[in-house]
Amino acid sequence: MSQPTAAMLVIGDEILSGRTRDSNTHYLAGVLTNAGIALRQVRVVPDEHEMIVSAVQSLAQDHDYVFTSGGIGPTHDDITADAIGAAFDRQVGIRDDARILLAAHYAAQDMEFNSARQRMARIPDGAALIENPVSVAPGFILENVHVMAGVPSVFQAMVASVLPSLTGGDPLLSETLRVDRGEGDIAGPLGRIASEFQDLSFGSYPFQKDGKYGANVVVRGHNQARLGDALKALRIEFD
């Protein structure tokens, strides 16, 4: 089975300024890998309408799934919903189902459902809501784009909500061999072994410990038997 592909679009000035660390990409990559969906590209853009529109259109065209994080809150700089609507030429307005969810949530907390909070009920026409069990304010799905909050706990909950609806392929498997030699010493043999297993991918990740150099060689693929054969070849060469 061929692997579906995905892209991640991280939205927010706070990410690009370094004020906030992006943990959502790391989380999504792990979840998609386990689901058999290949995360092929990640972009980070500021809170600028045209940049979001352009990135969404490009990523949606080139991938089976697109996931966004950030910019769907109650403040003036939360412009993601409008940008996604513009990317697909859809009108954006307050949706009754989203409004009802939010109104009930704030009423239960004895908090005013003011105009700022009502902004979180603005959804592009034709979009499906993404459940948010953490803070109620929904994300949404439009075409192949899944629009989610930037707060990590909410983002993770939204990913869990949509994951059952995604079509995955064979999960990506991996094996790791620690080699206590520098990359310059193992590059030649590693390249030869990689050429013998072209259906697998090989990566070398160097480290230094106690003044000695080494590398963790990671082999990835979808067939456990082939991974086992590759690992055996590596051990014969480097053990």
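The largest pocket has a volume of about 510 Å³. A pocket here is an open set of points on a 1 Å grid over the protein atoms alone, with protein on both sides within 12 Å along at least five of seven lines. A volume is the space filled by probe spheres set on the points, and grid points are joined across faces, edges and corners. This is a predicted model, in which local features need pLDDT of at least 70 and side-chain atom pairs count only at pLDDT 80 or more, while totals for chains, interfaces and linings use all residues. Residues are numbered from 1 along each chain as its sequence is written, and side-chain values use heavy atoms, with hydrogens and water left out.

**Largest pocket**

- The lining of the largest pocket consists of 30 residues (lining residues have an atom within 4 Å of a point). G70, G71, A149, G150 and V151 lie nearest its centre.
- At least two lining residues of the largest pocket come from each of β1, α1 (13–16), α5 (96–108) and α7 (152–162). Helices (H or I, at least four residues) and strands (E, at least two) are DSSP runs, numbered from the N terminus.
- By class, the lining of the largest pocket has 12 nonpolar, 12 polar and 6 charged residues. Ala, Val, Leu, Ile, Met, Phe, Trp, Tyr, Cys and Pro count as nonpolar, Asp, Glu, Lys and Arg as charged, and the others, Gly among them, as polar.

**Second largest pocket**

- The second largest pocket has a volume of about 270 Å³. Its lining includes Q3, T5, L172, S201 and H222.
- Two or more residues of this lining are given by each of α2 and β2, and β2 has the largest share, with 3 residues.
- The lining of the second largest pocket divides into 5 nonpolar, 5 polar and 1 charged residues.

**Cavity**

- The count comes to 1 cavity of 30 Å³ or more, a cavity being a set of points where a 1.4 Å probe fits but cannot get out.
- The largest cavity holds about 100 Å³ of space. It is lined by 14 residues, and I72, A81, R119, M120 and R122 lie nearest its centre.
- α4 (80–87), β5 (122–124) and β7 (139–142) each supply at least two residues of the cavity lining; the largest share, 3 residues, comes from α4.
- The cavity lining has 6 nonpolar, 4 polar and 4 charged residues.

**Sheet and helices**

- An open sheet of 6 strands runs in the order β2-β1-β3-β8-β7-β6, with mixed pairing; two strands pair if DSSP finds at least two bridges between them.
- The edge strands, β2 (38–45) and β6 (128–130), each pair on one side only.
- From one strand to the next the twist averages 20°. Axes are lines fitted to C-alpha atoms, for helices over the stretch in contact, and angles run from 0 to 180 degrees between N-to-C directions.
- β6 pairs with β7 in the antiparallel sense over 3 bridges, and I130 stands opposite G139 in β7.
- Helix α2 (residues 24–35) packs on the sheet and touches β1 (5–11), β2 and β3 (65–69), at about 165° to the direction of β1. Contact means heavy atoms within 4.5 Å.
- Helix α3 (residues 49–62) lies across β1, β2, β3 and β8 (145–148), at about 170° to β1.

**Positive phi**

- D110 is not a glycine but has a positive phi of about 55°. D110 lies in the loop between α5 and α6 (115–118) and is exposed, with a relative accessible area of 73%.
- Exposed means over 50% relative accessible area, buried under 20% and partly exposed in between (1.4 Å probe, protein chains only).
- D210, also not a glycine, has a positive phi of about 55°. D210 is in the loop between β10 (201–209) and β11 (212–221) and counts as exposed at 71% relative accessibility.
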